[in-house]
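Visitor: I'm new to this one. Can you put it up and walk me through it?

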Amino acid sequence: MIKTLPLIFSKHSHCGFLITCVIKREKSATKEAISILEKFSGPIVAGGHGTLAKNENKIGTKRRKICTEDIDGENLEGRERNAATNYLKDEMKPDTGIDRAPGLSLVKLTRSGLLLFTFPRTKSPDTVAIVSNIIQSLQSGSSSSLIWCHRVFPIQATCCLNEKELWTVVSNLVQKFVNDKKNQLGRPVKFAVGYNRRGIEDTELKIRKDNSEGASSLPLLDRNKCFGIVAAAVKDAVEDSVVDLKSPELSVLVELLPVSGIPKESLVVAVSVLPGNLVSTKPRLCIKALVSNTKEGTGLP
């Protein structure tokens with residue numbers, strides 16, 4: 001089963017939202033997240049991608065969407081297919097009371113204080129625009145302030161944590177950002193890179209570094225190594241570009257996803273390329289908070 005789950009989740013790229021919230025208040029944060037995401041998911045509905053159900057009766061049924069559509073496209077047959085389906089049903093049981101939804105699915109994580117919503121792998125809504133609208137609405141007072149949700153990281157793509165896949169995803173997203181006419185960029189293009197290894201503790205990293213086999217299997221867990229790969233991918237996509245940590249025009253944020261059931265050798269990361277108005281650079285590079293007075297132990301990315 002450990003070998004089957006990465007085929008289901010990490011073989012295909014997904015987009016969605018990673019939300020930080022108050023620890024031990026994940027249920028309240030989930031309801032709050034559903035409400036705010038549905039309010040700003042109009043373009044998703046228009047595109048036929050579906051939306052989250054906000055009916056309180058549905059929220060209370062404690063069922064969730066199981067991503068069996070990802071299983072159907074894989075070369076899994078007989079006993080292996082059944083095992084994969086049963087594993088997902090067991091591992092992805094809702095602790096948050098989400099009903100089956102036609103669009104976003106709530107994915108079980110191994111870390112508290114986080115919520116991960118993903119769209120079916122065949123859907124690619126503009127998650128950055130959705131988060132931008134949410135932040136603007138909260139800042140203007142058009143939407144009520146949130147209590148439990150701190151930050152919403154818009155996931156544009158996911159990939160396995162290896163050099164080839166990360167390079168490809170970053171290069172494609174940066175090229176798309178640069179080609180978008182609404183992004184007015186100077187020359188040289190100023191960029192910054194943020195990387196969060198959420199879910200992988202420093203003690204575990206030290207053990208991996210001391211173990212030659214563990215270190216070679218996941219070199220990108222090293223922060224400097226990951227920064228180097230991402231920066232090189234940006235420069236490959238935009239030759240006239242320089243690192244600027246104070247006022248970047250585009251920021252590449254990489255977030256390790258602590259998805260339940262995925263083995264360490266198949267770790268998955270979320271990647272997004274964001275404009276300057278959606279990030280904060282102090283005290284470190286991260287997505288802007290939903291509320292200005294947010295006080296949380298760890299931020300995004």
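Visitor: Which residues touch the most other members of the largest nonpolar core?
Guide: F17, I19 and L290, in a core of 44 residues. A nonpolar core is a set of buried Ala, Val, Leu, Ile, Met, Phe, Trp, Tyr and Cys residues joined through side-chain atoms within 4.5 Å. Buried means under 20% relative accessible area, with a 1.4 Å probe and protein chains only.

Visitor: Which element gives the most to this core?
Guide: α7, with six residues. Helices here are DSSP runs of H or I, at least four residues, and strands are runs of E, at least two, numbered from the N terminus.

Visitor: What does I19 touch?
Guide: Its contacts include A33, L37, F117 and V152, leaving aside residues up to four places away in sequence. Contact means heavy atoms within 4.5 Å.

Visitor: How reliable is all this?
Guide: This is a predicted model: local features need pLDDT of at least 70, side-chain atom pairs need 80 or more, and totals for chains, interfaces and linings use all residues. Residues count from 1 along each chain as its sequence is written, and side-chain values use heavy atoms, without hydrogens or water.

Visitor: Back to α7. Which residues are buried there?
Guide: Among them are T127, V128, I130 and L138. After α7 comes G141, with a positive phi near 90°.

Visitor: New topic: Y195. Buried or exposed?
Guide: Y195 counts as buried because its relative accessibility is 3%. Y195 sits in strand β6, residues 189-196.

Visitor: What does Y195 touch?
Guide: L161, L220, F227 and V254 are among its contacts, again not counting residues up to four places away in sequence.

Methods:
Buried means under 20% relative accessible area, exposed over 50%, partly exposed in between (1.4 Å probe, protein chains only).
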